[in-house]
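Work through the exercises below with the sequence and the model open. Each task is followed by a stepwise solution.

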Amino acid sequence: MRDANRPRILDCWLTLAGALALAACAPNAGNPVRVRAEALTLEASLSPAVPRVGENSLELALRDARGVSVAGAHVAASVRMPAMGAMPEMGGAASVRELGGGSYQADFALDMGGTWQVEVVAHAPGGAALEAEGSLSVGSSGLRLALAGAGAEPGDARVPAESPAAFSFPAERLQQIGVRTTRAEIKPLARIVRAGARVAYDEGALADVSPKVSGWIDSLA
């Protein structure tokens with residue numbers, strides 16, 4: 001009995017080892033976000049799926065209105081963190097290369113944690129263009145991306161309803177740059193200005209009179 005079952009157990013181990021090997025070789029990219037323009041569709045995903053401090057990449061795929069892959073397009077991407085207080089803007093343009101078959105890869109590096117703004121612009125050889133904007137957060141899975149200035153079309157479930165350019169900062173970062181918050185209240189707006197002043201007569205109303213005889217004036221009409 002043991003001899004008969006040994007090949008079956010060996011097959012199970014080999015199957016498991018093969019599955020683990022495939023998982024190790026598979027790209028660590030998240031579910032793609034789809035953004036549709038009039039003549040182009042962009043699918044974008046992060047690799048790794050959870051952004052990290054250091055090297056990351058955007059996996060991009062372009063298709064036309066018929067669903068055909070678009071090769072030879074000019075694709076530009078940028079990942080930035082805006083200036084905060086004394087800290088200058090970080091990030092910048094990503095290094096984009098074409099992989100073939102309508103696929104492109106944008107490589108970029110994140111210098112610190114927090115939320116970063118993402119922009120992708122694509123121009124197809126036929127003249128069609130697409131511009132998308134959104135954000136990603138270090139340590140949080142998922143990419144937020146929508147059509148710039150117009151929002152996403154219905155059915156793009158992966159695109160959030162909030163503004164694509166919305167971003168937030170960790171509490172520790174706000175503390176580092178000295179941001180303080182207080183409760184919003186309705187109050188009358190008034191401002192007191194204190195300044196020095198001098199009371200004097202109006203010199204513009206004076207007139208010089210040269211009488212021919214000496215005397216004084218009793219009244220002046």
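**Exercise 1.** State how β2 is joined to β3 and describe their pairing.

Solution. A hairpin of six connecting residues links β2 to β3. Strands here are DSSP runs (E, at least two residues), numbered from the N terminus. The model is predicted: local features need pLDDT of at least 70, side-chain atom pairs count only at pLDDT 80 or more, and totals for chains, interfaces and linings use all residues. Residues are numbered from 1 along each chain as its sequence is written, and side-chain values use heavy atoms, with hydrogens and water left out. Next, β2 and β3 (residues 54-64) run antiparallel and share eight bridges; two strands pair if DSSP finds at least two bridges between them. Within β3, E59 is the bridge partner of S45.

**Exercise 2.** Describe the pairing of β2 with β1.

Solution. Strand β1 (residues 33-36) is antiparallel to β2, with four bridges. Three residues lie between β1 and β2 in their hairpin. V33 is opposite A44 of β2.

**Exercise 3.** Are the residues of β2 buried or exposed?

Solution. Buried means under 20% relative accessible area, exposed over 50%, partly exposed in between (1.4 Å probe, protein chains only). In β2 (residues 40-47), eight of eight residues are buried. L40, L42, A44 and L46 point one way, T41, E43, S45 and S47 the other way, and all are buried.

**Exercise 4.** Locate A106 and list its contacts.

Solution. A106 belongs to strand β7 (residues 103-110). Its relative accessible area is 0%, so A106 is buried. Leaving out residues up to four places away in sequence, A106 touches (heavy atoms within 4.5 Å) N56, S57, L58, L60, A77, A94, S95 and V96. The C-alpha atoms of A106 and S57 are 5.4 Å apart, although 49 residues separate the two along the chain.
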